[in-house]
Amino acid sequence: MSDFSPLAILGLGVVGASCVWLLEELVAGARPAPARALRGLGTTLRAPLRRPETYDNALFHLAPGLLVLAAMVALATVPWAPGFRGIDFQAGALLFAGALAYVTPAMFMAGWGAGRPLAVVGGFRWLALMLAYAMPVAMVITAVAAPAGSLRPTDIVNVQHAVPMALVQPLALALWLPAVTAVCFLPPFDLPQADAELGGGVFSEYRGLDRVLVTLAQRILLLAASGMTAALFLAGWHGPLLPPALWMALKTAAVAALILWGGRRLPRVEVDRALSLAWKVANPLAILAIVIAGGLTLAFYR
Amino acid sequence: MSDLATAIVFWPAAALMLGTALYVFITSSMARAGLLLLASLGVEGLVFLALASEFLGFLQLLMMSGEMVIMVFFMVMFMPDPGGLMGMDMTHDKRRSASVAIAIAVGLAVVAVLTDWPARVAGTDAPDVRAIGYEVMGRSMVSFLFAAMTILLAMVGGVLLAKHGGRFGIPAPAGEQRGQEND
Amino acid sequence: MVSLPVVLAAGAVMFGIGLYGALGQTNTIMVIMGVELMLGAAMLNVVGFLRYSHPHGTSGNFFVLVVMTLMAVEAAVGFALVVSVFRHRRTAEVDDLTDLKG
């Protein structure tokens with residue numbers, strides 16, 4: 001448990017979330033206007049918290065906190081550069097999957113606590129969706145960890161110093177990207193809060209600080225997911241000429257831009273189709289990816 | 001982890017774990033009960049972390065999240081009053097079960113405290129995750145395969161039991177076909 | 001400071017809570033939750049032993065893995081039973097299932 005730096009991770013979360021906002025604006029083709037965005041943030045923050053009419057106020061207001069916590073823990077496991085990371089556990093990649101798994105109860109709490117039909121529907125949708133998509137995430141992590149022979153993200157980055165994992169295991173990457181997009185509840189998998197279908201869904205009742213926290217959590221989640229993609233598949237900080245941290249930042253930004261761009265391009269996946277894709281295609285293929293990873297490990301990485 | 005770090009993490013985490021575990025059976029809202037159980041077992045992962053078993057702790061976090069969320073789902077489905085709005089009583093034999101539980105807990109705790117456990121062995125580092133992998137895929141391979149087969153059997157058996165018509169293919173009584181309006 | 005008896009005592013209390021739930025609750029799902037808590041207490045004990053009397057061994061980890069498997073299996077089969085019973089009886093309360101009572 002070396003160089004545990006919660007404050008650095010907190011700072012990274014806030015700075016990274018603003019970078020993600022910038023990226024969102026750029027991908028949307030808008031000219032970023034930080035001053036206006038800050039004014040908007042101030043207005044939202046000044047709005048009072050809403051009391052839902054059910055008595056599950058506690059669940060309602062705890063949910064954004066749990067979301068932010070899960071996102072921060074996931075962010076802390078990402079290896080940013082040699083020596084700069086939040087937590088360096090032996091089983092850090094497992095902790096990443098574990099942290100992402102807590103988005104599910106948070107969403108359920110948000111939907112249930114709001115006590116509005118559409119919000120509850122959103123919560124249950126998310127439950128079904130995430131049970132299906134959390135598994136490919138964990139299985140792909142297994143497939144990527146096998147060549148490294150370690151669950152420590154730093155080791156997984158270092159094993160790719162010659163060839164990035166994306167070239168070795170394209171199947172795993174192809175499964176991973178939609179799965180993490182779903183975990184970040186971004187379009188085209190924004191089923192729990194789909195504006196057009198559920199009128200805001202689980203988040204429709206959030207006002208003020210709650211709303212800001214939810215948005216923050218989503219951006220930090222995207223940052224953590226794209227950082228982990230860069231670390232697990234794109235060789236992390238390895239690269240010629242440029243300093244390691246810059247490589248990592250570039251790769252993370254590229255992955256985040258790809259996810260956001262895909263979200264703007266693709267139509268929203270219907271719930272039943274998303275579920276049948278996950279259970280009938282993604283999960284069997286993820287098992288296949290583990291088998292392939294085993295073969296590759298025996299052949300090349302021993 | 002040092003002894004001090006263990007104590008700093010262990011005591012609050014254990015208190016939270018036991019408190020939420022107790023509250024599971026006090027609250028009358030089913031959603032809360034399930035989420036509190038998730039909190040209890042998730043915090044148990046933190047306790048494992050404090051006790052230098054980080055792999056098990058993270059695995060516990062990951063597993064319990066999925067499992068308990070499914071539990072919440074089923075509770076909301078099968079409970080007469082999932083929101084707990086009527087505050088109905090869902091216990092029977094409260095006094096007797098409480099006394100049995102307290103007696104057994106106290107008995108076990110007394111045994112735990114009074115037994116002369118072997119002296120503590122030095123070494124508090126987390127065991128190498130790789131060593132656990134070799135254990136699972138080496139010496140304990142057969143038992144691990146057995147566990148895997150058990151899961152497979154449970155999956156098949158569970159689907160068979162829960163499927164329409166049950167395991168003998170006998171359709172449910174008329175209430176089933178009429179849909180959910182039947183209470 | 002933490003020592004083996006403390007961990008075991010915490011496990012005992014958790015087991016007691018789980019037992020109370022399994023005995024005292026009327027709904028099958030709540031009973032399953034009680035059983036999960038008892039299994040959690042067993043895992044806590046194993047981890048305690050692992051840390052304080054066998055820190056370099058790995059077989060204890062394996063025990064915990066098996067218990068986790070058991071928790072998942074128990075929940076899955078339990079839910080399947082509840083679904084099956086609910087189909088036929090429209091209830092999941094254990095007090096209503098007394099057909100085999102003498």
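Colleague: Let's start with chain A. What does its secondary structure come to?

Modeller: Chain A has 13 helices and 2 strands. Bear in mind that the model is predicted.

Colleague: Okay, and what is the radius of gyration of chain A?

Modeller: The radius of gyration is 19 Å, close to the 19 Å that the globule rule gives for 302 residues, so chain A is as compact as a globular protein of that length. Along its principal axes, the C-alpha trace of chain A spans about 60 × 40 × 40 Å.

Colleague: How many of its residues count as buried?

Modeller: For chain A, 52% of the 302 residues count as buried. Also, take the contacts in chain A with a separation of 6 or more: 82% of them are between residues 24 or more positions apart.

Colleague: Let's zoom in on two helices. At what angle do the axes of H4(A) and H6(A) cross?

Modeller: Roughly 175 degrees, and the axes come within 10 Å. H4 of chain A covers residues 92-101, while H6 of chain A covers residues 117-148. An angle over 145 degrees counts as roughly antiparallel, and that is why H4(A) and H6(A) are described as roughly antiparallel to each other.

Colleague: Which residues meet there?

Modeller: From H4(A), you have Ala93(A), Ala97(A), Leu100(A) and Ala101(A). They meet Ala134(A), Val137(A), Ala138(A), Ile141(A) and Ala145(A) in H6(A). By class, the contact of H4(A) with H6(A) has 9 nonpolar residues, no polar and no charged.

Colleague: Switching to loops. Where is Pro188(A)?

Modeller: Pro188(A) sits in the loop between helix H9 (170-183) and helix H10 (195-198) of chain A. A cis peptide bond joins Pro187(A) to Pro188(A), with omega at about 5 degrees.

Colleague: And what is phi for Ala235(A)?

Modeller: Phi of Ala235(A) is near 65 degrees, which is a positive value in a residue other than glycine. You'll find Ala235(A) in the loop between helix H11 (208-233) and helix H12 (244-265) of chain A. Leu241(A) is in the loop between H11 and H12 of chain A too, and Leu241(A) has a positive phi of about 65 degrees without being a glycine.

Colleague: Is Ala235(A) buried or exposed? And what about Leu241(A), buried or exposed?

Modeller: Ala235(A) counts as buried because it has 24 C-beta neighbours inside 10 Å. Leu241(A) has 6 C-beta neighbours inside 10 Å, so Leu241(A) counts as exposed.

Colleague: Now the chains together. How many residues does the contact take from chain A and from chain B?

Modeller: It takes 24 residues from chain A and 21 residues from chain B. On the chain A side, the elements giving two or more residues are H4, helix H5 (103-114) and H6. That side divides into 17 nonpolar, 6 polar and 1 charged.

Colleague: How many residues of chain B are in contact with chain C?

Modeller: 74 residues of chain B, and they contact 65 residues of chain C. Several helices of chain B give two or more residues to this side, including helix H1 (3-24), helix H2 (30-50) and helix H3 (54-78).

Colleague: Which helix gives the most?

Modeller: H4(B), with 12 residues.

Colleague: And what is that side of chain B made of, by class?

Modeller: The side of chain B that touches chain C has 50 nonpolar, 15 polar and 9 charged residues.

Notes
Residues numbered from 1 in each chain as written. Chains lettered and ligands numbered in written order. Predicted model: local features only at pLDDT ≥ 70, side-chain atom pairs only at ≥ 80, totals over all residues. Contact = placed C-beta atoms within 7 Å. Helix = DSSP H or I, 4+ residues; strand = E, 2+ residues; numbered from the N terminus. Nonpolar A, V, L, I, M, F, W, Y, C, P; charged D, E, K, R; others polar. Axes fitted to C-alpha atoms, helices over the stretch in contact; angles between N-to-C directions. Parallel < 35°, antiparallel > 145°, perpendicular 65-115°, else oblique. Rg over C-alpha atoms; globule rule 2.2 N^0.38 Å. Buried ≥ 20, exposed ≤ 12 C-beta atoms within 10 Å, placed from the backbone.
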